[in-house]
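Hi there,

Here is the structure I promised to pass along.

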Amino acid sequence: MKIVLASKSPRRIELLKGLGWTFDVIPSSKPENVDLSLAPQEVVKALSLQKAQDVASCVSSAWVIGADTIVATDGKILGKPEDEDDACSMLLSLEGRTHEVFTGVTVINPCGEVLTTYTRSLVTMKHLTKSEILSYISCGESMDKAGAYAIQGSGALLISNIEGDYFNVVGLPLMLLSSMLERLGFPLTQQLCGADKYE
């Protein structure tokens, strides 16, 4: 049996590698299709499920992990910025305030059993000048990140406080993922030894 990450996100890949796991990366090729008027937690759950189901339909005897992360403020979902002006607008809306980060996670086991849930963290950004925001954007981190910042990179210097799971903000809540795997029959003992026996 094997583990498959249904995501090409470098952050998620690095987090799983950090656990010592051996896994395949097979991103979903299905266009994202979800009603963005839904609550943020429902959006990330739906998108993580879509990704995992799409990849699971192409593999056999695998543990498939799908995830999706969004930033939300004032009930508005902030995706990845379209350009630098969009990134600046996003960061100006977040600076000096607390916003929400949601990650939906779906696990499908080799028997086809599916578990989908989400977690939420509160992130407070420092008060920033427009000059500071433009300086951050110029470093190139903003463009493929929800909310236009990367907490695992230079974006950490923009943050004053986090309530909740740090790994959720990076893009894959590891504690939640571990508990989901256990619930579907992937024992913690195997997770702790690098999941090698599942290859």
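Predicted model: local features only at pLDDT ≥ 70, side-chain atom pairs only at ≥ 80, totals over all residues.

**The largest pocket**

Lining the largest pocket are 35 residues, with E32, K51, D68, T69 and K80 nearest its centre. A pocket here is an open set of points on a 1 Å grid over the protein atoms alone, with protein on both sides within 12 Å along at least five of seven lines, and lining residues have an atom within 4 Å of a point. Its volume is about 850 Å³, taken as the space filled by probe spheres set on the points, which are joined across faces, edges and corners. The lining divides into 18 nonpolar, 7 polar and 10 charged residues (Ala, Val, Leu, Ile, Met, Phe, Trp, Tyr, Cys and Pro count as nonpolar, Asp, Glu, Lys and Arg as charged, the others, Gly among them, as polar).

Residues are numbered from 1 along each chain as its sequence is written, and side-chain values use heavy atoms, leaving out hydrogens and water. The chain averages a pLDDT of 93, and 96% of the residues score at least 70.

**The cavity**

The whole structure has 1 cavity of 30 Å³ or more, where a 1.4 Å probe fits but cannot get out. About 40 Å³ of space lies in this largest cavity, and its lining is S28, K30, P31, E32, L47, Q50 and K51.

Happy exploring!

Note on methods:
pLDDT = per-residue confidence, 0-100.
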